[in-house]
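Let's take a walk through a protein model together.

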Amino acid sequence: MEGDLGEGSQFSARKYPKQEQEPASEEIFEIAPNILRLQLPISMPGLGHVNTYCIISNDRVVLVDPGLPSKASYKALRSRLKQAGLSLEKVRGVVVTHSHPDHYGGVRRLIEDSGAQMIAQRDFGRLVMAPGVHECGADLDTVHDHNHQHREQFRGIENAFYVENFDRETWNGPVWLLPRPWNSKPLPPPISKAKIAAMKVGWRTYLKRILPPIPDMFLEDGQELELAGGGMLWRAIHTPGHTLDHLCLYQPDLGLLISGDHVLPTITPHIPGVGGGPDSLAGFLGSLTKLESLGEVTKVLPAHGHPFDDLESRISTIVAHHDSRIVKIRKALDESGPMRVEDVSKVLFRPQRLGPMADSEAFAHLEHMRLAGQVSHRVVNGEFVYELVG
Ligand SMILES: [Zn+2]
Ligand SMILES: [Zn+2]
């Protein structure tokens, strides 16, 4: 499937070499009777749209992944729903596949206007520190509890805890308190103050809009539910890796798999070394294997790009991609000797992709190799260096 623009593409492969980059189409695509795909605009590195799926019955509509928190995205959602003949009042539920803003962002406005319930995986919004150096020297379980406590407080008093405890200067707050595990330095702010100022919204409004909402209903792995009703059951498949709380939805009768960001048609999702647990790559690969043991999947419905049908071959390509990265890292360590995370990042990513996300992903690969006994690490000048074992 690599490079194949797939079903529904109307853009040139030269301009958008990856279908996930294509701008949002205004067209409404029918996947199956009463299942629609809408596209909402987003502008993020490598992504031009997000797919929102509508599951419809006579009196209810359930949406999956309603896009970014911006007014423009919400306006596009409302106009697409209108175009599809669906009234906002009919939207009774909104499922979010994982805690990234291009997926949960539209939830707040949608809930305010429709009264819909938000549904997500049990761990929605949870971050777990990877092992390594940590400023308070806490072990993994302690850090996990620490994050979880914040979450419990958050749940009780809506956004107040996050907003009140945010440090405007450093951006330190429960959401972004994780330092880089390989050198304890804090991660840079996710957005500059100048950009927030340019949006002409107050700090509190901005935070309330961007922070993950609190789900009304949590799904467990394997749980089946009707979503929109009409007797059509959807099964929740917990697929940690891209995030700890990633969820896919499987409809066995039609063989449909709503795959979120877990399996995308031509790009691979970010694998976080920060906030994704001790071995997020193992989690991700395990979650791919899990999909192979589902029943028949005739169509994969990704959050970005076009639906596709050959899940098995797409999974093989993704697994091969991560295998080849491990080969690259081994070769670089063999040739150069001990390397820092940032050095390994340069081996894996092109210069324009370098930065905190690339480093986080390089760290995820290195920790995966370390836990598999392929490399070891030691601290040199307050920072991890990795080397081949044996
Ligand atoms: Zn994502
Ligand atoms: Zn996404």
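Predicted model: local features only at pLDDT ≥ 70, side-chain atom pairs only at ≥ 80, totals over all residues.

Start at Pro272, which touches Ser280, Ser360 and Ala364, leaving aside residues up to four places away in sequence; touching, or being in contact, means that the C-beta atoms, placed from the backbone, lie within 7 Å. Residues are numbered from 1 along each chain as its sequence is written, while chains are lettered from A and ligands numbered from 1 in the order in which they are written.

Back to Pro272: you'll find it in the loop between E11 and helix H8 (280-292). Helices (H or I, at least four residues) and strands (E, at least two) are DSSP runs, numbered from the N terminus. Is Pro272 buried or exposed? Pro272 is buried, because 24 other C-beta atoms sit within 10 Å. The cut-offs are 20 or more such atoms within 10 Å for buried, 12 or fewer for exposed, and partly exposed in between. The C-alpha atoms of Pro272 and Ala362 are separated by 8.7 Å, though these residues are 90 apart along the chain.

Strand E11 brings us to an open sheet of 5 strands, in the order E8-E9-E10-E11-E12, with mixed pairing. Two strands pair if DSSP finds at least two bridges between them. At the edges are strand E8 (224-225) and strand E12 (299-302), each pairing on one side only. Inside the sheet, E10 (residues 247-251) and E11 (residues 256-260) run antiparallel and are joined by 3 bridges. Gln251 stands opposite Leu256 in E11.

Now hop over to helix H1 (residues 71-83). Which residues of H1 are buried? They are Ser73, Tyr74, Ala76, Leu77, Arg80 and Leu81. They lie on the same side of H1, because they cover an arc of only 160° around the axis; the arc is that of the directions from the helix axis to the C-beta atoms. On the other side of H1, Lys71, Ser79, Lys82 and Gln83 are exposed. The buried residues of H1 pack against strand E2 (35-44), strand E3 (47-56) and helix H3 (107-114).

So what about H3? Its buried residues are Val107, Arg109 and Leu110. They also share one side of H3, because their arc is only 165° around the axis. Just after H3, Gly115 takes a positive phi of about 75°.

Technical notes: Contact = placed C-beta atoms within 7 Å.
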